[in-house]
Amino acid sequence: MSGDNDQQQRDEIRGTARGDAPVPLSVLDLVTVGAGSSATDAVRTAVDLARIAERRGFHRYWVAEHHSMPGVASSSPAVLLAHLAAHTDRIRLGSGGVMLPNHAPLVIAEQFGTLEAMAPGRVDLGLGRAPGTDGATAAALRRTERLHEGAMGSPLVERSRDRGEEFPQLLAELTRFLDGTFPDGHPYARIHAVPGPVQATSPGGVQSPHRPPLWLLGSSGFSARLAGSLGLPFAFAHHFSAANTVPALDLYRASFRPSEVLAEPYALIGVAALAAEDEREARRQVMTGALSMLRLRTGTPGLVPSPEEAAAYPYHAHEREFVDNWLANIVHGTPDAVRQGLDDLAKRTGADELMLTANAHGGATRLRSYELIADAYGLPRD
């Protein structure tokens with residue numbers, strides 16, 4: 001990789017803080033589906049949100065792979081990103097993330113090579129090692145003979161764990177497909193991800209050798225250590241694993257080894273944040289996401305409930321405790337209160353970037369929240 005390409009890669013990873021924000025701000029969109037609305041509505045909201053994020057100076061916009069969850073319409077990140085690429089011009093688009101054990105590395109390399117051809121120089125490939133769903137759905141996703149046998153016989157969770165342990169090998173294979181660097185004699189030496197670097201080296205080839213930068217995602221120490229040892233940027237899921245944030249970031253920084261991609265560590269954290277004109281309305285809205293998460297954690301996932309349903313729900317004591325603990329990690333309230341909460345979080349964790357996710361029932365509520373946060377930080381109105 002040439003020095004120019006190194007610099008391009010670093011610039012794609014490291015964002016620039018806009019307005020009064022302490023660090024670059026980005027968006028994580030789960031493309032949520034609220035009760036009374038459709039997946040089509042959710043995708044339209046995603047387009048509107050991507051346009052707002054681009055106009056207001058957010059650095060990147062990611063979607064995350066989930067399966068068998070009625071309230072989350074992001075089962076196919078590559079498809080969503082292609083749609084968003086057609087409706088935006090500048091903002092970085094990426095996966096936060098694609099769950100690598102669910103897919104053949106060649107397929108991911110082809111999908112993101114295609115996205116790179118659609119939106120050159122603004123695609124990120126974030127990778128996770130969890131299935132993004134329950135064990136049975138994970139088995140249904142992974143249509144290999146080995147995993148089919150697992151579904152019929154040995155416990156599904158054990159099969160999922162086996163694939164998780166293979167993550168470093170899957171990552172190495174994906175990287176070689178993206179870079180076209182399988183050595184001579186390797187079984188895959190003659191197999192190429194297209195679009196990809198092989199087109200640049202073919203007679204008459206004019207394809208750019210550039211490919212999307214890789215990110216590792218995590219909610220514990222495994223991916224933090226691996227990202228550090230490989231010199232890759234790291235994204236931590238603070239929005240659902242807040243207790244592990246600081247230890248994981250410390251481990252990432254301690255494990256970091258400079259690479260062609262990064263000379264120094266770069267870590268973003270996903271943050272649940274929602275702003276409204278007044279504190280009571282913000283609380284009313286975040287309760288919809290809290291009830292949705294409660295139902296997911298108790299094995300009954302559904303559409304994101306309305307504020308009225310969330311307010312009327314008869315919480316048992318243990319359910320109320322779960323919701324209260326969940327809400328404690330959501331930065332919510334007036335725009336000034338959210339700004340203060342995000343400033344404090346950036347200072348406490350030392351995160352290089354904050355990626356905001358707003359899990360609420362209505363699309364208009366989520367769109368308004370991002371506008372209010374952008375206003376609170378004086379982000380531009382391009």
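1. Buried means under 20% relative accessible area, exposed over 50%, and partly exposed in between, with a 1.4 Å probe and protein chains only.

2. The model is a predicted one, in which local features need pLDDT of at least 70 and side-chain atom pairs count only at pLDDT 80 or more, while totals for chains, interfaces and linings use all residues. Residues are numbered from 1 along each chain as its sequence is written, and side-chain values use heavy atoms, with hydrogens and water left out.

3. Of the contacts (heavy atoms within 4.5 Å) with a separation of 6 or more, 73% are between residues 24 or more positions apart.

4. Strand β5 (residues 214-218) deserves attention, because five of its five residues are buried and it is thus largely enclosed by the rest of the structure. Both of its faces are covered, with L214, L216 and G218 buried on one side and W215 and L217 buried on the other. In a regular strand the side chains alternate between the two faces of the sheet.

5. The neighbours of β5 are β4 (residues 123-128), which runs parallel to β5 and is joined to it by three bridges, and β6, which pairs with β5 in the parallel sense, also over three bridges; pairing requires that DSSP finds at least two bridges between the strands. L125 has L214 of β5 as its bridge partner, and L217 has A235 of β6. From β5 the chain crosses through helix α10 (residues 221-230) to β6, and this β-α-β crossover is right-handed, in that the path from the first strand over the helix to the second runs clockwise with the strands pointing away from the viewer.

6. Leaving aside neighbours within four places in sequence, H239 is in contact with L28, G270, V271, A272, W326 and T357. H239 and I269 are 30 residues apart in sequence, and their C-alpha atoms are 8.0 Å apart.

7. In helix α4 (residues 105-118), the buried residues are P105, I108, A109, F112, G113, L115 and E116. They cover an arc of only 160 degrees around the axis, which puts them on the same side of α4, and they pack against α3 (77-85), β3 (92-99), β4 and α8 (167-179).

8. A cis peptide bond joins G96 and G97, with omega about 10 degrees, and G97 is found in strand β3. Another cis peptide bond joins V194 and P195, with omega about 0 degrees. V31, although not a glycine, has a positive phi of about 50 degrees and is buried, with a relative accessible area of 0%.

Conventions
Helices (H or I, at least four residues) and strands (E, at least two) are DSSP runs, numbered from the N terminus. The arc is that of the directions from the helix axis to the C-beta atoms.
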